[in-house]
Amino acid sequence: MKRSEISLGMVGLGYWGPNLLRNFDQLPDCCVRVCCDLDATRLAQAQQQYPYLRTTDNYDDLLDDPDLDAIVIATPAPTHYTFALKALQHGKHLFIEKPLTLEVQHAVELVELSEDTDRVLMVGHLMEYHPAIEKLKDLIQSGELGQIHYLYAQRVNLGRIRHDENAMWSLAPHDFSVAMYLLDAEPENVSARGAAYLQEGIDDVVFVNLQFPGGVMAHIQLSWLDPHKLRLTTIVGSEKMVVFDDMETAEMVKIYNKGVDHSAGYTSYGEALSPRFGDVTIPYIKMTEPLKLECQHFLDCIMNHRKPRSDGRDGLRVVRVLQAAQQSRNRNGEPVDIRM
Ligand SMILES: NC(=O)c1ccc[n+]([C@@H]2O[C@H](COP(=O)([O-])OP(=O)(O)OC[C@H]3O[C@@H](n4cnc5c(N)ncnc54)[C@H](O)[C@@H]3O)[C@@H](O)[C@H]2O)c1
């Protein structure tokens, strides 16, 4: 067994959990000691790969283990609230996959409990740890893009059709968290329309429109029923425009020196608007696996008593947008006010 600073217990070894396990296992500041899943085959696979692991099919075993400092939850979203509540009540630091909960009130409870008990609560908003998103944040903060007009994100592909949540709850937490992180703001209202083609009552495709303060708009397209695999974010500013293509490995961010200038000397307003076409630049981005950065950040926050970038409050604001978007979708796209 390697030297460990922080002892972790993990629950959920389905599709995503093994990625978390691999990353935490490789970090020197922690040791994953116990894994929990209801599926004996998944537990056996994990134990074969990491022989020092203990396994259990009973989540309470993690809670009752006084040697565990923190718990990592990667089970389906409907289990999140109960598992998270118990972890915090047992004094554990907590990393929980997105979405934090399915209800705003539950997220509020978890945030308050983590703050009252001084435990780290971090939500797996993975894209907030992506080096390309950091680059976009720099471009916005430095003013290089000018005033941000609008952004749109496309997260579509064919597959990983879920039965326990719709495409929006499954996919949108990434784009909602990124939009709020980049714009450093919360939307004022949301409207969403969706449709269920494959399973009754579970949307396969959802189009969400978020209105941020100052007229900034974000449009998010989500689908697991699409011929393309797209992971695209486009931001349009008054000076420049930028596109982040997460399917690209090398040239993932492109900055377009394009815009529309207001030229003086024309009598008609329309003639005074002249499109500007300039260079396209591709900044070098030093890539590290975002999941590794995310896992390390969780450990750093525990060791240094800091709040994570994607803390409980960040998880809460994403759930608030999800819940409002679902209300709007249920009312055929009627805008829903998100402001408290
Ligand atoms: N950050 C990302 O990019 C990303 C990607 C995929 C999934 N996720 C998130 O990870 C979580 C899990 O998603 P998934 O796709 O791995 O789901 P999954 O259904 O593939 O796996 C869930 C696992 O949890 C186990 N489980 C369920 N109930 C349990 C219980 N009561 N006790 C113990 N084990 C239990 C199941 O047996 C299964 O192995 C979700 O919150 C999802 O949104 C995040």
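Trainee: How many cavities of 30 Å³ or more does the structure hold?

Mentor: Some ground rules: this is a predicted model, where local features need pLDDT of at least 70 and side-chain atom pairs count only at pLDDT 80 or more, while totals for chains, interfaces and linings use all residues. Residues are numbered from 1 along each chain as its sequence is written, and side-chain values use heavy atoms, with hydrogens and water left out. On a 1 Å grid over the protein atoms alone, a cavity is a set of points where a 1.4 Å probe fits but cannot get out, and a pocket is an open set with protein on both sides within 12 Å along at least five of seven lines; lining residues have an atom within 4 Å of a point. With that cut-off of 30 Å³ or more, the number of cavities is one.

Trainee: How much space lies in the largest cavity, and which residues are the closest to its centre?

Mentor: Grid points are joined across faces, edges and corners, and a volume is the space filled by probe spheres set on the points. That gives about 120 Å³ for the largest cavity. Of its 17 lining residues, the closest to the centre are Ala153, Arg155, Asp175, Leu232 and Thr233.

Trainee: Which element gives the most to the lining of the largest cavity?

Mentor: Elements here are DSSP runs numbered from the N terminus: helices (H or I, at least four residues) and strands (E, at least two). Strand E7 (148-158), helix H7 (167-183) and strand E11 (225-237) each supply at least two lining residues. The top contributor, with five residues, is H7.

Trainee: How does the lining of the largest cavity divide by class?

Mentor: Ala, Val, Leu, Ile, Met, Phe, Trp, Tyr, Cys and Pro count as nonpolar, Asp, Glu, Lys and Arg as charged, and the others, Gly among them, as polar. Sorted that way, the lining comes to 10 nonpolar, three polar and four charged residues.

Trainee: What is the strand order in the open sheet of nine strands, and which are its edge strands?

Mentor: Two strands pair if DSSP finds at least two bridges between them. The pairing in this sheet is mixed, and the order reads E14-E13-E12-E11-E7-E10-E9-E8-E15. Pairing on one side only marks the edge strands, E14 (273-281) and E15 (336-337).

Trainee: In E14, what is the bridge partner of Asp261?

Mentor: Strand E13 (residues 253-262) runs antiparallel to E14, and seven bridges join them. Across that pairing, the partner of Asp261 is Ser274.

Trainee: What angle does H7 make with E10?

Mentor: Contact means heavy atoms within 4.5 Å. Axes are lines fitted to C-alpha atoms, for helices over the stretch in contact, and angles run from 0 to 180 degrees between N-to-C directions. H7 packs on the sheet, touching E7, strand E9 (205-211), strand E10 (217-223) and E11, and its angle with E10 is about 155°.

Trainee: At what angle do the axes of H6 and H7 cross, and which residues of H7 meet H6?

Mentor: The two axes come within 9 Å and cross at roughly 30°. From H6, Ile133, Glu134, Leu136, Lys137 and Ile140 take part, and they meet H7 at Val178, Tyr181 and Leu182.

Trainee: Which residues are the closest to the centre of the largest pocket?

Mentor: The largest pocket holds about 1300 Å³ of space. Its lining has 49 residues, and the closest to the centre are Tyr15, Trp16, Lys98, Arg160 and Arg162.

Trainee: And which element gives the most to the lining of the largest pocket?

Mentor: By class, that lining has 21 nonpolar, 13 polar and 15 charged residues. The element that gives the most, with three residues, is H7.

Trainee: Which strands stand at the edges of the six-strand sheet, and what does the twist average?

Mentor: The sheet is open, with parallel pairing in the order E3-E2-E1-E4-E5-E6. Strand E3 (54-56) and strand E6 (121-124) each have a single partner strand, so one side of each is left without a neighbour in the sheet. From one strand to the next, the twist averages 20°.

Trainee: Where does Pro99 lie?

Mentor: The peptide bond from Lys98 to Pro99 is cis, with omega near -10°. Pro99 is in the loop between E5 and helix H5 (104-116).
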